[in-house]
Amino acid sequence: MSYKIKSRIWIESDQNVLLGEGRVHLLKAIQETGSLSKAAKSLNISYKKAWQLLDSVNKAAKKPVTINSVGGKGGGGAELTNYGKSLITAFDEINKNCWAFLDKELANYECLKL
């Protein structure tokens, strides 16, 4: 048996959450599908919930995270801006570094070694 530390991180400012795992999953799904509604379906969340999450990210971000096109005959769509893509990269890197730090910290405690 071995022990692992589990944690979840999020980035916030003035009590508004910019990014967390759920928001990053949504941004990645938008990037993959090119649509907020398709992204919501792929994550099994309602369109309303997806829209609220994306709206909260855009309100907390320094720059627009997505470029949205209105639906119509050809349908609408959404794509990430370069800033949105950089937020995903930053979050993933921070998260990876956090897990590495926690694993290193856990190894420092004899009582948790087997």
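Guide: Start with a term. A nonpolar core is a set of buried Ala, Val, Leu, Ile, Met, Phe, Trp, Tyr and Cys residues joined through side-chain atoms within 4.5 Å. Buried here means under 20% relative accessible area. Keep in mind that this is a predicted model.

The largest nonpolar core has 26 residues. Leu18, Leu19, Leu26, Leu27, Ile30 and Val65 have the most contacts inside it. Two or more residues come from each of β2 (16–20), α1 (21–33), α2 (36–42), α3 (47–60), β4 (77–80) and α4 (82–107). Of these, α4 gives the most, with 6 residues.

The helix to look at is α3. Check its geometry before its packing. It has 14 residues, and at 1.5 Å a residue they should span 20 Å. The end C-alpha atoms of α3 are 20 Å apart, which agrees with that expectation.

Now its buried residues. They are Ala50, Leu53, Leu54, Val57 and Ala60. Viewed down the axis of α3, the buried residues fall within an arc of 135°, so they line one face of the helix. On the other side of α3, Lys48 and Lys59 are exposed.

What does the buried face meet? The buried residues of α3 pack against β1 (10–13), β2, α1, α2 and β3 (66–69).

Next, step back to the loop between α2 and α3. Asparagine 44 lies there. Its phi is positive, about 55°, although it is not a glycine. Most residues other than glycine have a negative phi. Asparagine 44 is also exposed, with a relative accessible area of 73%.

Finally, the largest pocket. About 230 Å³ of space lies in it. Its lining has 14 residues, of which Leu36, Tyr47, Asn68, Gly77 and Ala78 lie nearest the centre. The elements giving two or more residues to the lining are α2, α3, β3 and β4. The largest share, 5 residues, comes from α3.

Note on methods. Residues are numbered from 1 along each chain as its sequence is written. This is a predicted model: local features need pLDDT of at least 70, side-chain atom pairs count only at pLDDT 80 or more; totals for chains, interfaces and linings use all residues. Side-chain values use heavy atoms; hydrogens and water are left out. Buried means under 20% relative accessible area, exposed over 50%, partly exposed in between (1.4 Å probe, protein chains only). Helices (H or I, at least four residues) and strands (E, at least two) are DSSP runs, numbered from the N terminus. The expected span of a helix is 1.5 Å times one less than its number of residues. The arc is that of the directions from the helix axis to the C-beta atoms. Contact means heavy atoms within 4.5 Å. On a 1 Å grid over the protein atoms alone, a cavity is a set of points where a 1.4 Å probe fits but cannot get out, and a pocket is an open set with protein on both sides within 12 Å along at least five of seven lines; lining residues have an atom within 4 Å of a point. Grid points are joined across faces, edges and corners, and a volume is the space filled by probe spheres set on the points.
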